[in-house]
Amino acid sequence: MHAEAVKIGARPSKIDLMHDARRALNCEECDARYYLYYDNDAEGSFTHWSLLAEEIITARHPQHTDNVVLSGIETF
């Protein structure tokens, strides 16, 4: 299972990932914009990954990297 947020204009860390272009993920502090990329196994948890990505993107403000890999993060 693999999911990651990729800054608009950057490339995902893996090939053959699905790309959700319907909705950009934003940093609430500076409006840095990302798209969610994911594999078939992560598709069923799309909402979970989107919410988690936005929280992490905002929490890391202002040090925004091109890729935020989500699938290795433990859930509580």
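**Reading contacts, core and cysteines in a predicted model**

Mentor: Beyond its neighbours within four places in sequence, phenylalanine 46 is in contact (heavy atoms within 4.5 Å) with Asp20, Arg22, Leu36 and Tyr38. This is a predicted model, in which local features need pLDDT of at least 70, side-chain atom pairs count only at pLDDT 80 or more, and totals for chains, interfaces and linings use all residues. Residues are numbered from 1 along each chain as its sequence is written, and side-chain values use heavy atoms, with hydrogens and water left out.

Trainee: In which helix does phenylalanine 46 lie?

Mentor: Helices (H or I, at least four residues) and strands (E, at least two) are DSSP runs, numbered from the N terminus. Phenylalanine 46 belongs to helix H1, residues 46–59. Its C-alpha atom is separated by 8.7 Å from that of leucine 36, 10 residues apart along the chain.

Trainee: How many residues has the largest nonpolar core?

Mentor: A nonpolar core is a set of buried Ala, Val, Leu, Ile, Met, Phe, Trp, Tyr and Cys residues joined through side-chain atoms within 4.5 Å; buried means under 20% relative accessible area, exposed over 50%, partly exposed in between (1.4 Å probe, protein chains only). Here the largest has 15 residues, and those with the most contacts inside it include Leu25 and Leu70. H1 gives the largest share, four residues. Leucine 70 touches, among others, Trp49, Leu52, Ala53 and Ile56.

Trainee: How many disulfides does the count give?

Mentor: A disulfide is a covalent bond between the sulfur atoms of two cysteines, taken here as a pair of cysteine sulfur atoms within 2.5 Å. The count is zero. For cysteine 27, the nearest cysteine sulfur, that of cysteine 30, is 3.8 Å away. Cysteine 27 is buried, at 2% relative accessible area, whereas cysteine 30 is partly exposed, at 39%.
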